[in-house]
Amino acid sequence: MCAYENSLEGLIQYRKDIKQLKGSFPGLTILFAPEMGPGDDLTDVPSEVIEMSDYFICEPLHSEESMDDNTDSMIKRLHEASDFMKAVNKPVFMAHPFRSAVNNRLIKKEIQPWVTELRYRDHWTDFGYEELTEFFSFDIIEVAKAARDLDIPIEVNGNTQYRVRSANIPAVIQMLWAAYKVIADEGTELVPGSDLHGFKTSVGNIGQYIPYECFNELGIKCRDIKFLSRILPHNVLAAI
């Protein structure tokens with residue numbers, strides 16, 4: 001159960017409490033980054049929230065309609081995130097681009113036979129692009145290009161990876177990594193995120209690790225993640 005009121009005042013108090021904790025953990029860099037939901041109007045974020053935040057996480061808009069609609073919705077949301085980033089002069093990245101498809105294929109609906117029959121490959125890069133777009137229900141390359149051109153990094157999300165692993169269909173984790181490789185190959189920056197919302201034992205609220213193995217497979221090192229230079233102090237960057 002959340003200890004803070006679901007309001008602007010509650011968020012302000014939460015931020016104050018985090019700031020007070022910094023002195024108790026001098027060796028830990030603590031940043032504050034609200035996650036903006038797909039239905040949130042980014043032109044109407046309170047000035048208090050903007051002022052107290054270090055950066056922002058923007059969820060994609062997934063229409064749940066056709067592949068073209070999903071692609072258009074995600075690109076539209078990227079443009080909104082870009083406009084917001086320029087207006088507030090604070091970094092933004094897009095959260096869990098594959099979450100909706102994973103939920104639809106593996107979590108919230110009955111798993112279809114064609115999904116359970118997906119063949120595990122000798123290497124995770126062996127999936128074709130059409131297989132990836134069919135499973136994840138949007139044009140990954142077009143979304144990646146838009147994110148690259150708008151300078152909006154895309155998150156490799158630990159909780160999405162947890163949900164995939166929980167379904168116990170090994171081919172899907174291969175597809176997830178292959179889809180992230182498509183994004184990286186377009187020159188779009190990937191950033192890690194645990195999606196840590198708490199420690200309840202449930203799909204949506206459980207502590208997850210940073211999905212380091214995906215970055216290892218992609219050959220991305222910590223020093224390669226340029227987004228860190230936007231949000232971390234120079235002395236912390238120097239220690240990486």
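Close-up 1. A disulfide is a covalent bond between the sulfur atoms of two cysteines. Here, the term is used for a pair of cysteine sulfur atoms within 2.5 Å. How many disulfides does the structure hold? It holds zero. C222 is partly exposed, at 40% relative accessible area. C214 is buried, at 0%. Buried means under 20% relative accessible area, exposed means over 50%, and partly exposed lies in between (1.4 Å probe, protein chains only).

This is a predicted model, in which local features need pLDDT of at least 70, side-chain atom pairs count only at pLDDT 80 or more, and totals for chains, interfaces and linings use all residues. Residues are numbered from 1 along each chain as its sequence is written, and side-chain values use heavy atoms, with hydrogens and water left out.

**Close-up 2. F215 sits in helix α10.** This helix covers residues 212-218. Helices (H or I, at least four residues) and strands (E, at least two) are DSSP runs, numbered from the N terminus. Is F215 buried or exposed? F215 is buried, with a relative accessible area of 5%. Now look for W177. F215 and W177 are 38 residues apart along the chain. Their C-alpha atoms are separated by 8.9 Å.

**Close-up 3. K76 and E80 form a salt bridge.** The term means a side-chain nitrogen of Lys or Arg within 4 Å of a carboxyl oxygen of Asp or Glu. In this pair, the closest N and O atoms are 2.6 Å apart. K76 and E80 are four residues apart in helix α3, so about one helical turn separates them. Both residues are partly exposed: K76 has a relative accessible area of 48%, and E80 has 26%. Which residues are linked in a network of salt bridges? They are K76, R77 and E80. Across the whole structure, a search finds 10 salt bridges.

**Close-up 4. K181 and D185 form a salt bridge.** The closest N and O atoms of this pair are 2.8 Å apart. Both residues belong to helix α9. They are four residues apart, so the separation is about one helical turn. K181 is partly exposed, at 30% relative accessible area. D185 is exposed, at 53%.

**Close-up 5. R148 forms a salt bridge with E186.** Their closest N and O atoms are 3.7 Å apart. R148 lies in helix α7 (residues 140-150), while E186 lies in the loop between α9 (170-185) and β5 (190-193), so the pair ties together parts that are 38 residues apart in sequence. R148 is partly exposed, with 34% relative accessibility.

**Close-up 6. A patch of negative charge gathers on the surface.** Which residues gather here? They are E64, E65, D68, D69 and D72. Patches are made of residues with over 30% relative accessible area and no salt bridge; like charges are joined within 9 Å, and nonpolar side chains (Val, Leu, Ile, Met, Phe, Trp, Tyr) within 5 Å. Asp and Glu count as negative, Lys and Arg as positive; His and the chain ends are not counted. The place of a charge is taken as NZ of Lys, CZ of Arg, CG of Asp or CD of Glu. E64 is found in the loop between β2 (56-58) and α3 (67-88). E64 is partly exposed, at 41% relative accessible area.

**Close-up 7. L21, F25 and L28 form a nonpolar patch on the surface.** Together they have about 300 Å² of accessible area. Such areas come from the Shrake-Rupley method with a 1.4 Å probe; for residues, only the protein chains shown count as cover. F25 is in the loop between α1 (8-21) and β1 (35-36). F25 counts as partly exposed, at 43% relative accessibility.

**Close-up 8. D151 has a positive phi.** Most residues other than glycine have a negative phi. D151 is not a glycine, yet its phi is about 60°. D151 is placed in the loop between α7 and β4 (154-157). At 41% relative accessibility, D151 is partly exposed.

**Close-up 9. N168 has a positive phi.** Its phi is about 60°, although N168 is not a glycine. N168 is in the loop between α8 (158-166) and α9. Is N168 buried or exposed? N168 counts as exposed, with 64% relative accessibility.
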